[in-house]
Amino acid sequence: MSAMTDPQPPAPTEPTATPDGGRRRVIAMSVWGVAFVAGWLVIGLPTDPVYAFFWIWAGTIAWNSARPWRSHLRFARDWVPVVLLLVAYNLSRGFAYHDGTVPHAYELILADRLMFGWAMDGQVPTVWLQQHLYHPEVRWWDVLVSWVYFSHFVAALAAAAVLWMRERSRWAAFMRRWAFLCATGLVTYFLYPAAPPWWAAQNGLIEEVARISTRGWKAFGMHGAGNLLNAGQLASNPVAAMPSLHTAFALFVVLFFLRGVRRRWWPLLLAYPLAMTFTLVYSGEHYVIDVLVGWAYVGMAFLVVGRAERWWARRKARPTPTDPPAAEKPPAKPSAVPAPR
């Protein structure tokens, strides 16, 4: 993703849709929807980057089924580097943790207690929320929590896919900021390995905390919905809590589109990162301080990448240097005019 620097020129205009294009799109999207539901029930929800890319690409093919195959192959050409970098990012997170790593935990607990302990009997928000909301039986808010948690794995990719189809220059701008956000988060995982609340509870640093981000699907009998996610959690880096890229991604997607949306819809959009914050804190995945640092990283991504883009635009607008000007010559003497006879 970081390799993308300049917005590419708009793709050539595709042929107009056939008269039955609308019906064809409805049929194609219906087939895609049925296949997607079957896939999540059998295999699991697409939380792996490669698996998610497969469904997103299939969705764009279904939506634009009337277009020639060269259009769909362009999507794969542009997105394969993105997916490979996401895979490398997920794998590299694991290198930040090894048996000798001593994760940071006390300062995160202290930060949350300083911010909220006065209102929560001296406890961190995760412990307080689970004491008041967690029950052995799955409740309706557990279902919402699971779906909000899952949205982290597809929301940014789906938004980027829509941008690619509608305005490729904005897609490139989106990817540059997203790449910067991922890179800074990854660097922080190496420099400051930090453990989430569920890890602190397992090691006796705080009271009991259950990791409950995927339990909501069981209410509908979708026991296989979280298969890939649960497997990923077991293999994930347990000291990648600071910053919270889950909430960072949620806020990033909202802020990228916020200026293009009417203000009356802003509260609805901004409710998404807030819902993600509640989800992560309640489910034991992150402290509130992780969320706040993640939001700060989003602001840094927009600021740094925005300034870099403006600098690059000014540099490109500068006239290219030419050959050094020739040495000035003395003005030519006027030719002699013959005197009249």
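Predicted model: local features only at pLDDT ≥ 70, side-chain atom pairs only at ≥ 80, totals over all residues.
Biologist: What geometry do W32 and W55 form as an aromatic pair?

Modeller: The ring centres of W32 and W55 are 6.3 Å apart. Their planes stand at 80°, and planes over 60 degrees apart count as edge-to-face. The geometry of this pair is therefore edge-to-face.

Biologist: Which helices does this pair link, and how many residues apart are W32 and W55?

Modeller: W32 belongs to helix α1, residues 21-42, while W55 belongs to helix α2, residues 49-63. The pair thus links distant parts of the chain, with a separation of 23 residues.

Biologist: Is W55 buried or exposed?

Modeller: The relative accessibility of W55 is 10%. Buried means under 20% relative accessible area, so W55 counts as buried.

Biologist: What is the angle between the planes of F54 and W55?

Modeller: F54 and W55 also form an aromatic pair, with centres 5.3 Å apart. This pair is edge-to-face, and the angle between the planes is 75°.

Biologist: Over the face of which residue does R25 lie?

Modeller: R25 is placed 4.1 Å from a ring centre. The ring in question belongs to W63.

How values were computed:
Residues numbered from 1 in each chain as written. Heavy atoms only, no water. Phe/Tyr/Trp six-rings, centres within 6.5 Å; stacked < 30°, edge-to-face > 60°. Helix = DSSP H or I, 4+ residues; strand = E, 2+ residues; numbered from the N terminus. Buried < 20%, exposed > 50% of the residue type's maximum accessible area, 1.4 Å probe, protein only. Lys NZ or Arg CZ within 6 Å of the ring centre and 35° of its normal.
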